[in-house]
Amino acid sequence: MNNIDGKVAYITGGTKGIGHGIAKTLLNAGMKVAISGRSIKDAEKVARELGSESQVMGLASDVTKPEDEAAAVAGILKKWGQLDVVIANAGVGIFNPVDTLSVEDWRKMIDTNLSGAFYTLKAALDPLKSSHGYYITIASLAGTNFFASGTGYNASKFGVVGFTQAAMLDLRGHDIKVTTIMPGSVASHFNGNEPSESDAWKIQPEDIGKLVEDLLKMNPRTLPSKIEVRPSRPDKK
């Protein structure tokens, strides 16, 4: 897929944070991009800010609902007739000790972070097979490093890493490339954070966007299937 000009990408959770940074980077690289969020009003507003209707579209989709993801993919195909890159980015984190973590919050993380990645891939499989496309999940270093108060989040992200790597083995026979990206601290709106100058030491959303662009432009004989990404150095307290 070295030449990505004119290719079509779908990014879940693309209205802010990492997803938004990836969308900006891919649009600047000449791609057409669909972003989704739970609110159609927000998704369309961000899409208008990102570019023209011919290059970017906003979609409403709750990734915990497979029918929403199927409808989102159908909308992309109706508009552009193809789908080349799918990035499962939507995620949520709730951090409580296991004895106080609620069943509702557990389900919210598993349903969004893990099941959502599966539903997104299932909805996009046929067009990705046709385009010999690329599927990318945005996991986390929490998918390999456990920590206190992270039972639900760790479980979901460990699951995303394992799911993506197994899917990579299943799909490379269809000439679909699959990668999971595992960022550490990112300057994003995740978990209620409001990015500020104090986040300057962190990975920036556009850094993840550049990494995605580089993956898409890499010689197709080579597949970096699992990538850990960290800030170069920790914050100076």
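Where is the place of Arg-172? Arg-172 sits in the loop between helix H5 (151-171) and strand E6. Helices here are DSSP runs of H or I with at least four residues, strands are DSSP runs of E with at least two, and both are numbered from the N terminus. Before going on, note that this is a predicted model, where local features need pLDDT of at least 70 and side-chain atom pairs count only at pLDDT 80 or more, while totals for chains, interfaces and linings use all residues. Residues are numbered from 1 along each chain as its sequence is written, and side-chain values use heavy atoms, with hydrogens and water left out.

Arg-172 is exposed, with a relative accessible area of 52%; the labels are buried for under 20% relative accessible area, exposed for over 50%, and partly exposed in between, using a 1.4 Å probe and protein chains only. Leu-223 is 51 residues from Arg-172 along the chain, and 9.8 Å separates their C-alpha atoms.

Now follow the chain into E6, residues 177-183. Strand E6 runs parallel to E7, and four bridges join them (strands pair if DSSP finds at least two bridges between them). One of the links ties Met-182 to its bridge partner in E7, Glu-228.

Next, the charged pairs. Side chains of opposite charge can pair when their charged atoms come close. The structure has six salt bridges, each one a side-chain nitrogen of Lys or Arg within 4 Å of a carboxyl oxygen of Asp or Glu.

Take Lys-45 and Glu-49, whose side chains meet in a salt bridge at 2.7 Å, N to O. They're about one helical turn apart, because four residues separate them in helix H2 (residues 40-50). Lys-45 is partly exposed at 44% relative accessible area, whereas Glu-49 is exposed at 54%.

Helix H6 (residues 205-217) has a pair too: Lys-210 and Asp-214 lie four residues apart, about one turn of the helix. Their closest N and O atoms are 2.6 Å apart in a salt bridge. Lys-210 counts as partly exposed because its relative accessibility is 41%, and Asp-214 counts as partly exposed at 35%.

Finally, look at Lys-202 and Asp-199. Their side chains form a salt bridge at 2.9 Å, N to O, and both residues are buried.
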